[in-house]
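Hi everyone, thanks for coming. I'd like to walk you through a few spots in one structure, so let me put it on the screen.

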Amino acid sequence: MRGVIFLMYFVFSVTSGENDYPENYQNREEWSKFLGAVNRLPSKFEDDINEIAEDENPINCRIGYVSEFPFDCPALPSMKAPSSVHELTPADISVIGALGDSLTAAFGMESCTLINLVIEYRGRSWSVGGDEDINTILTLSNIIKTYNPNLKGYSVDNGGPNSEGANFNVAVSGAKAEHMPGQAWELVTRIRDDPEVDFENDWKLVTIFIGGNDLCQYCRNEYKYSTEQYVDFIRQALDIMHENLPRTFVNVIGILLIPELGYYSTPKCDFIHVIACGCAVFQGGDQTKEVLELTRAYQERTRALIMSGRYDTSDDFTVVYQPFLEETKMPFLENGEADGSFFAPDCFHFSSRGHAVGAKDMWNNMLQPVGQKNTSWDPTGSIQCPSEEFPYFYTNLNSQGSGSLMCTVSGLALMLSMIAFLLEMKGIATLGMLFFIGFSYSLGEHDYPANYQNLDEWKKFLDEVARLGSQSEDYTCDCTDVEPALCRLNYESEFPFNCPAPPPRTDPPLSVHELTAADISVVGAMGDSITAAFGEESCTLGTIGIEYRGRSWSIGGDDDIDTILTLANIIKFYNPDLKGYSMGTGGPNNPLAKFNVAVSGARAEHMPRQAQELIDRIREDPEVDFENDWKVVSMFIGGNDICQHCFNEDKYSAPQYAEFQRQALDILHENLPRTFVNVIGLISIPELGYFSSIKCDGVHLLVCSCAVFQDGDGHIHVWELTRRYQELTEELITSGRYDTRDDFTVVYQPFLEESKMPFLDNGEADSSYFAPDCFHFSSRGHAVGAKDLWNNMLQPVGKKNVSMDFVSGISCPSNEFPYFYTYLNSPQSPVDDDESDSVMKTASLLFMLVALMVNLISY
């Protein structure tokens, strides 16, 4: 009986102080039901429960563990008051705050037994605690205090969220994602009302960590704690701060793998885990898999929200996803037991040591570029220091080369090359453009420009350029676009989606020729920088290197069809469970890329490799039923081949181009069941020549001089080569090679073939369809491309649009024929034409015989 009484004490002791029922219960009724269930527990639990109250081997507590991670960084002062959040140093931070749950409240952090577990040690919390200093307590606040001793807002002492020492630590034990909007408003109010804070001018650092309690309760209400609900509440909180908290850098910490706590197994820990987190820790088999998948979904969708660009619309606010807990595993001792020194006596919350490691790795994440951040904590690693070359906190934009130094260097090189080009100083022009491309176009995963497929090719080009000469002159530039393209605008209002939801199908289709949008379960894509959405939402050349894959025309899945027009989002309307679409920003190997295997700079020769990569990703994805799920794959390639053909005409000949596409399609045909493949016909690259300005001419000279900067016979040759690319591709696909079984087909979509440059009323090219480099598509260009790709899929072969339509809306599947058109189900397909010819020939012979017989009879 003593055990049950202690159980009741323990569960009450872990409440937030604002409820009279435990934090993992939503209301008193649920708690009462649980108590009733506890009274019916088998008596065999008594012995184990009785051990809990003794706590014979309490963990090490009240130790700061600073000696494990000495802070040896020089105190670099702020050189100037930053005007941009992308040039923010630790010394610039004047205010610090935090949102979250019991971990940010430092629940039980220094407790040595379960008896005093209820205390919240906010002054020592990893992200916002400010007790003492960095020499005795390792927290993010104390690190920043070494750079700015006048830091405001950190919490001190012990107490709840409304205690005097809580300050701007508004975390509440037991909180879930649904409470984040309320906490965001509370934080904004506290900062605005504090007389010591210059609300408009002080730079602020805010950290959010939430989700543990959502995972711990999801099995009680799967809708309430679904990924969609979780991310939506975080979005609401971030929106509130974005709109109301100026000069702010926000850390969002990815949720950790809660099931790892199951490895910390003792009678005490097991029992507490049942009480505190039975939905996530004590699961097995399919349930454990479900928890891990939900955790991954929380992480991925949160990252996608933050990487979408939604919070990068001004220079005084940004949000950065810090993933250092995503892959964190349970630490073990040499004897194979879980290391309890990182946890409080409840085997659930962090101890002083856990908070110290968390603070260190959060700080280190802030000093690591996006895409190169540690994804698991390092209990033995040291504290990083800001570098003199780049002393700023990394953001989504300055990680991609958008810092002032990068902008100045690339802009200077561009201006130099423009002037040299106009003066016909081709050697200097080439050198200038070389440096421009090197700084502005290199991707985060490459140390060579996007239009080169590997480092060896890039080095060969450097050797060639080195022989052109080395003369140069100094020029200055204003690193802004004179005529920036419209960016970060969604153009769904131009093309509203008004298609009705289809009636549910009773059985899945057995043939690819009876495939509707609702039947598609998986989407994938292959290609180059267009499919990678290179520079889609960039407003200047300084940020052109970002790949906005979540908004790519054929496979992007950010938000939904009401906000972002992509083929994947259209299909999601018909099947919300669609898998494989890319999200956020990043390269082809970013986890959020999913089944978007496109690589900026790729050419036709790389399609076989991409085809195999796509198959591997789909086959290995545990959410995909590889054999039974219907798939749509889109392939668009050839721009880089055309742009480089004059350097090697044999390598980039039309037969070679078609051969590489054949190899890729053969790989898909042989290895990817239940698949509908779109092959998008190549666009007319020379049309870009009408998009003429000093900036555009310079970029075209660099990235596509073989195709854009041609005249006379050279211009005609480019047109003829483009046409030959298109013709041989269509001939391959219409040959019947890929129509040998009912579960696979390839369809040629020609909506780009005859596309012309759009013009404004004043006769100038309409830049709103292009990124700032005058080459890649902008958000508007991707929206039109997505619409016309979808419309092509609903048009019969032989009757498909062959040019982009900048005016007409989105087509809807008809009730009479709701399927995607293929060569076999199209009324005017080549197969039908052959049959029609046969009928005509038979009829002609019959009429001839009849005529002869009549003639003979008459005779």
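Before I point at anything, a word on names: helices here are DSSP runs of H or I with at least four residues, strands are runs of E with at least two, and both are numbered from the N terminus. Please also keep in mind that this is a predicted model.

Let's begin with a lysine. Lys800 sits in the loop between helix 20 (779-793) and helix 21 (830-858). Is Lys800 buried or exposed? Lys800 is buried, with a relative accessible area of 10%. Leaving aside residues up to four places away in sequence, Lys800 touches Val747, Tyr748, Gln749 and Pro750, along with Asn792, Met793 and Gln795. As for Asp788, 12 residues separate it from Lys800 in sequence, and the two C-alpha atoms are 9.9 Å apart.

Next, a pair of helices. Helix 15 (residues 607-620) packs against helix 17 (residues 654-671) at an angle of about 20°, and their axes are 7 Å apart. The two helices are therefore roughly parallel to each other, and their crossing is right-handed. Helix 15 brings Met607, Pro608, Ala611, Gln612, Ile615 and Arg619 to the contact, while helix 17 brings Phe660, Gln663, Ala664, Ile667, Leu668 and Asn671. By type, the residues of this contact are 8 nonpolar, 3 polar and 1 charged.

Last stop, the strands. Strand 5 (residues 520-527) is mostly covered, with 8 of its 8 residues buried. Strand 5 runs parallel to strand 6 (residues 630-636), and 7 bridges join the two. If you want one to find on screen, look for Gly524, whose bridge partner in strand 6 is Val633.

How values were computed. Residues are numbered from 1 along each chain as its sequence is written. This is a predicted model: local features need pLDDT of at least 70, side-chain atom pairs count only at pLDDT 80 or more; totals for chains, interfaces and linings use all residues. Side-chain values use heavy atoms; hydrogens and water are left out. Axes are lines fitted to C-alpha atoms, for helices over the stretch in contact, and angles run from 0 to 180 degrees between N-to-C directions. Angles under 35 degrees count as roughly parallel, over 145 as roughly antiparallel, 65 to 115 as roughly perpendicular and the rest as oblique. A crossing is left-handed if the near helix is turned anticlockwise from the far one by less than a right angle, and right-handed if clockwise. Contact means heavy atoms within 4.5 Å. Ala, Val, Leu, Ile, Met, Phe, Trp, Tyr, Cys and Pro count as nonpolar, Asp, Glu, Lys and Arg as charged, and the others, Gly among them, as polar. Buried means under 20% relative accessible area, exposed over 50%, partly exposed in between (1.4 Å probe, protein chains only). Two strands pair if DSSP finds at least two bridges between them.
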